[in-house]
Amino acid sequence: MGGDLGLHTVLPASIAALARHPTLFLILCGNRAQIDSYLNSQALAENIRNRLAIVDAQSVVAMSETAAFAIRHRRDSSMYIALSQVAEGAAQACVSAGNTGALMAMSCLLIKTIKGISRPAIVASMPTVKGQCLMLDLGANINCKAENLYQFAVMGSALASGLHGLKKPKIGLLNIGSEENKGLVQVVAAAQLLEAQSALNYRGFIEGDEVFAGRVDVVVCDGFAGNVLLKTSEGLAKFINVKVARNLKKSLFRRVLTWFAASVLLEIRQQLDPARRNGAILLGLQAVVVKSHGAATAQGVGCAIDQAVVAVNCNLVAIIEREMLSVQPSDG
């Protein structure tokens, strides 16, 4: 029940998710008294209430707390308890809107990584002119070695293939140029690893302005660059929505045009809405963990829950495990 808005968004999102997914069962980890109070105030159908369980948690991990502090002092938190439910087999997935660093550290401690993966990566879909692409890492790993970027590419390719049905997904490494010798040392070294692996469809370096063109299906980068690009794109989407709305109200003629183009404008707004793409999987763990944006609305949290449902149903962890066994870096 962490995140900026806590149970005020998580609980409505949970109830709505149960209505969308008839076989879904949710374990709510948080302050039992507050959760009970909210649920009792709702006129819940019996088939919804029967698929809700509560595990009491005495604290939450504050957004300002470090991962090390959280692991030492927040073992009674909703985040630690929720991840423990997954680690012990009581749940198949965890969805959290809390502190990203703490979620990453606790997940590695309790759930562990898949064999062959040294660091999990945060992955999410980004809109493109051709549909969407996957991008990772989005903030879990600020400093990455070439081997980490290679592993991200393998996992991203497996996700695009297993979850989205793409054959030989196209992979690109985010860089400041397309030249072979351009960019950080670890990025250039990662490119060499990817070029040596014929089982992967590596298409070379990709620059920031090409991400939304849909040139590749998987964009690989370190967590610093990925998070900056993600937050910038979210801010740009909001800026475009505001500017379009204001400009269309400047005259009667424009308002009439807006009325005729309402369905098209609504479609574009929905495509640019970050809430509709909320929910980033921590890829590389032995179970499904989904990170929701801390300030996500109830709709956004619901999208994160949907991501977890899809990942469990497609057996995402097994897909990544198989891919890691079949694709190893070349020694040459």
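A polar contact is taken here as a pair of N or O atoms within 3.5 Å, where, within protein, one atom must be able to donate a hydrogen and the other to accept it, and where residues adjacent in sequence count only if both atoms are side-chain atoms. The structure is a predicted model, in which local features need pLDDT of at least 70 and side-chain atom pairs count only at pLDDT 80 or more, while totals for chains, interfaces and linings use all residues. Residues are numbered from 1 along each chain as its sequence is written, and side-chain values use heavy atoms, with hydrogens and water left out.

By this criterion, the side chain of D76 makes a polar contact with the side chain of S59, at 2.7 Å. D76 lies in the loop between α4 (67-73) and α5 (78-87), helices being DSSP runs of H or I with at least four residues and strands runs of E with at least two, numbered from the N terminus. With a relative accessible area of 35%, D76 is partly exposed, a class between buried (under 20%) and exposed (over 50%), as judged with a 1.4 Å probe on protein chains only. Residues up to four places away in sequence not being counted, D76 touches A57, Q58, S59 and I81, contact meaning heavy atoms within 4.5 Å.

G89, which follows α5, has a positive phi, near 90 degrees.

A nonpolar core is a set of buried Ala, Val, Leu, Ile, Met, Phe, Trp, Tyr and Cys residues joined through side-chain atoms within 4.5 Å. The largest such core has 42 residues, and those with the most contacts inside it are L136, F152, M155, L173, V220, L283 and I320. Helix α7 (residues 146-164) provides the largest share of this core, with ten residues, and at least three residues come from each of domain 1 (7-117 + 284-321) and domain 2 (125-275), the domain bounds being those of an automatic or database domain assignment. Apart from this core lies another, of 39 residues, which includes L83, A91, C133 and L230. Neighbours within four places in sequence left aside, the contacts of F152 include R119, L136, N141 and V220.
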